There are 2 protein chains.
Amino acid sequence: MWQLYQFPLCPFSRKVRLMLSEKGIAYELWRENPWEMREAFMHMNPAGRTPVLHDPERAITLIDSRAICEYIEETTDRVPLIIGTASARAEIRRLVALFDENFFADVTGPLLNEKMKKRIFLKQPPESRVLRDAMRLAHEHLYYIDYLVDHRPWLAGPTMSMADLAAAAQISVADYLGGLDWNGHDQARAWYSVFKSRPSFRPLLAERMEVIQPPIHYADVNA
Amino acid sequence: MWQLYQFPLCPFSRKVRLMLSEKGIAYELWRENPWEMREAFMHMNPAGRTPVLHDPERAITLIDSRAICEYIEETTDRVPLIIGTASARAEIRRLVALFDENFFADVTGPLLNEKMKKRIFLKQPPESRVLRDAMRLAHEHLYYIDYLVDHRPWLAGPTMSMADLAAAAQISVADYLGGLDWNGHDQARAWYSVFKSRPSFRPLLAERMEVIQPPIHYADVNA
């Protein structure tokens with residue numbers, strides 16, 4: 001069976017979990033704290049990042065969340081998530097990159113650094129200026145989601161795709177850390193609320209990190 | 001014809017240029033300075049990043065260097081660069097991500113910031129501590145390339161792939177900015193020297209940025 005080396009608040013781990021669950025592929029969760037740089041994990045992935053998807057029986061080790069998702073997409077027929085014409089697939093991959101790179105750099109990354117890494121690992125207080133910037137940029141990203149779902153049923157087009165999974169993974173971590181103000185984002189909230197009620201998403205929303213608790217609305221599908 | 005909106009020292013633009021040239025696909029270069037945030041460019045790509053590949057006749061706009069490369073790979077038969085079994089393709093994509101993300105964050109990004117952006121745009125001197133860190137991390141990446149080409153003819157396996165193009169694109173920018181010390185990296189140097197003599201690479205190596213000149217060895221295929 002696949003073993004997913006992951007960290008609960010790693011948005012890239014969450015994206016892979018969502019994909020595997022949507023496709024009905026069984027996997028075991030192996031908790032990995034990336035900052036510990038555990039030797040066996042560093043040996044498996046020299047870049048030291050979660051997620052890693054490993055199958056010990058077939059001796060397959062997959063590294064990098066986008067490479068993992070492309071592999072799963074290429075090797076399964078069920079529930080295609082990178083779909084349509086070459087242009088439609090390019091639009092899906094553009095949005096995956098937008099959330100993996102820009103949303104993460106602007107919002108999820110700074111929130112994780114200030115609210116988790118500093119608390120658990122560095123024992124420092126968060127910097128309020130950094131948190132304010134992240135929340136301001138989060139508004140801009142939520143406005144872009146509002147715009148997209150005003151024009152399309154799902155983020156990249158007529159059906160659910162990897163773009164929705166990548167966005168929901170980032171948003172779920174930012175929301176867990178209290179970094180999102182949903183006021184004024186009715187379209188984005190409606191899209192995310194549909195997502196929260198999916199069976200693939202429920203286990204993620206039920207998890208809690210030891211010392212960090214999410215806001216009350218976090219796991220509420222009606223919020 | 002394709003129009004590539006690109007910046008000469010953007011490693012992601014260079015990766016796409018190398019791919020198009022290796023595949024023999026004609027394209028026009030359109031110079032774009034990302035920091036200017038030109039309105040027409042921001043309208044085309046809200047993320048504001050180079051490269052963007054645009055075909056005005058067919059009204060196709062492709063954004064994000066990996067999405068562009070996957071599109072080109074899917075729509076051309078010539079010179080496949082994401083090749084082999086699903087596992088081999090995953091290994092190619094792992095290495096592309098390693099160079100696009102880790103090499104860029106550790107080496108190319110800081111060098112561009114200190115040696116180009118501060119000089120041309122911010123009119124500030126570079127920080128020597130940041131430059132030292134980038135050059136130290138560059139050594140670690142070059143050691144990893146030494147290791148890979150000790151075990152394989154090309155970075156990801158038996159044939160040239162997107163992994164080689166992604167690595168060469170990052171390395172060429174870092175080398176232009178004088179951030180690489182090749183001493184002790186004979187394997188990496190031999191691999192890169194083969195690359196420098198390819199017809200796809202020659203136009204890149206011949207270009208010069210206005211105020212910033214590369215070291216003497218930069219375009220020398222025997223160096």
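Across the interface of chain A and chain B, six residue pairs are in polar contact, both residues of each pair being at pLDDT 80 or more; a polar contact is a pair of N or O atoms within 3.5 Å, where within protein one must be able to donate a hydrogen and the other to accept it, and where residues adjacent in sequence count only if both atoms are side-chain atoms. Strand 4, helix 3 and helix 4 of chain A each give at least two residues to the side of chain A that touches chain B, and helix 4 of chain A brings the largest share of that side, 10 residues. Helices (H or I, at least four residues) and strands (E, at least two) are DSSP runs, numbered from the N terminus.

This is a predicted model, in which local features need pLDDT of at least 70 and side-chain atom pairs count only at pLDDT 80 or more, while totals for chains, interfaces and linings use all residues. Residues are numbered from 1 along each chain as its sequence is written, chains are lettered from A and ligands numbered from 1 in the order in which they are written, and side-chain values use heavy atoms, with hydrogens and water left out.

**The interface**

- The contact, which is counted where heavy atoms lie within 4.5 Å, takes 24 residues from chain A and 24 residues from chain B.
- Between them, chain A and chain B bury about 2000 Å², and 54% of this is on carbon and sulfur atoms; buried area is the accessible area (1.4 Å probe) that two parts lose on being put together, summed over both.
- Of the area that chain A buries against chain B, 22% is supplied by A:Glu74, A:Arg93 and A:Arg94, which is more than any other three residues supply.
- The rule finds 10 salt bridges across the interface of chain A and chain B, a salt bridge being a side-chain nitrogen of Lys or Arg within 4 Å of a carboxyl oxygen of Asp or Glu.
- The side chain of A:Glu74 meets that of B:Arg93 in a salt bridge, at 3.1 Å from N to O.

**How the two chains are related**

- Chain A is superposed on chain B by a rotation of 180 degrees with 0.0 Å of shift along its axis, at an RMSD of 0.0 Å, and the two copies are thus related as by a two-fold rotation axis.
- Copies are superposed by least squares on the C-alpha atoms of residues with pLDDT of at least 70 in both.
- A:Glu101 is the residue of chain A that comes closest to the rotation axis, at 4.7 Å (C-alpha).
- The copies meet through the same surface, because 100% of the interface residues of chain A are also interface residues in chain B.

**Backbone features**

- A cis peptide bond, with omega about 0 degrees, joins A:Thr50 and A:Pro51, and A:Pro51 is found in the loop between helix 2 (39-44) and strand 3 (52-55) of chain A.
- In chain B, the peptide bond from B:Thr50 to B:Pro51 is cis, with omega near 0 degrees.
- A:Asp64 has a positive phi of about 85 degrees although it is not a glycine; A:Asp64 is found in the loop between strand 4 (60-63) and helix 3 (65-75) of chain A, and is buried (under 20% relative accessible area, with a 1.4 Å probe and protein chains only), its value being 14%.
- A:Lys123, also not a glycine, has a positive phi of about 50 degrees; A:Lys123 lies in the loop between helix 4 (86-122) and helix 5 (128-151) of chain A, and is exposed (over 50%), with a relative accessible area of 67%.
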